[in-house]
Amino acid sequence: MVIRALAPLMAGTWKNMDERGVPQALTGPIARGDISTLQDHLAAIEAVVPELGEAYRALGRYTVGVAGRKGSIEARKAALMARVLTMPGISSWEEQKHKL
């Protein structure tokens with residue numbers, strides 16, 4: 001059931017990567033610099049399936065680099081996102097922005 005629901009999204013992603021390359025095909029909260037949505041994703045994952053939290057964080061850290069190469073996020077937001085994705089249990093935008 002889940003695969004059937006995700007299949008169109010996955011197919012579109014692969015098509016975009018093939019046609020445009022990985023950086024230009026990147027979409028989503030990290031590509032937009034949307035820290036609030038990133039925090040919501042982390043909170044939901046860690047609340048429902050905590051063992052996937054570190055996998056999401058690792059993939060997110062990689063994605064921050066891709067978004068930087070794409071030029072879709074500024075350096076300060078990239079640093080904040082990387083910090084949020086590095087520190088398990090600390091995903092608050094307010095906490096992070098005061099540390100930079």
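## Starting at the end of H5

Select glycine 71 first: this residue follows H5 and has a positive phi, near 85°. A word on what you are viewing: it is a predicted model, in which local features need pLDDT of at least 70, side-chain atom pairs count only at pLDDT 80 or more, and totals for chains, interfaces and linings use all residues. Residues are numbered from 1 along each chain as its sequence is written, and side-chain values use heavy atoms, with hydrogens and water left out.

## The whole chain

Now zoom out and show the cartoon. The protein has seven helices and zero strands (helices are DSSP runs of H or I with at least four residues, strands are runs of E with at least two, numbered from the N terminus). Of its 100 residues, 26% are buried (buried means under 20% relative accessible area, exposed over 50%, partly exposed in between, with a 1.4 Å probe and protein chains only).

## Along H5

Next, select residues 53-70, which form helix H5. Its 18 residues reach 25 Å from first C-alpha to last, close to the 26 Å expected at 1.5 Å a residue (the expected span is 1.5 Å times one less than the number of residues). Colour Gly53, Arg57, Gly60, Thr63, Val64, Val66 and Ala67, the buried residues of H5. They pack against helix H2 (22-25), helix H3 (29-32), H4 and helix H6 (75-86).

## Threonine 63

Stay in H5 and centre on threonine 63. Is threonine 63 buried or exposed? Threonine 63 counts as buried because its relative accessible area is 18%. Its side chain reaches the backbone oxygen of leucine 59 at 2.8 Å. Setting aside neighbours within four places in sequence, threonine 63 is in contact with Leu26 and Ile30 (contact means heavy atoms within 4.5 Å).

## H4 against H5

Show side chains for Leu38, His41, Leu42, Ile45 and Glu46 in H4, which meet Gly53, Tyr56 and Arg57 in H5.

## Last stop: arginine 57

Finally, centre on arginine 57, which counts as buried because its relative accessibility is 1%. What joins the side chains of arginine 57 and glutamate 46? A polar contact of 2.7 Å joins them (a pair of N or O atoms within 3.5 Å; within protein, one must be able to donate a hydrogen and the other to accept it, and residues adjacent in sequence count only if both atoms are side-chain atoms).
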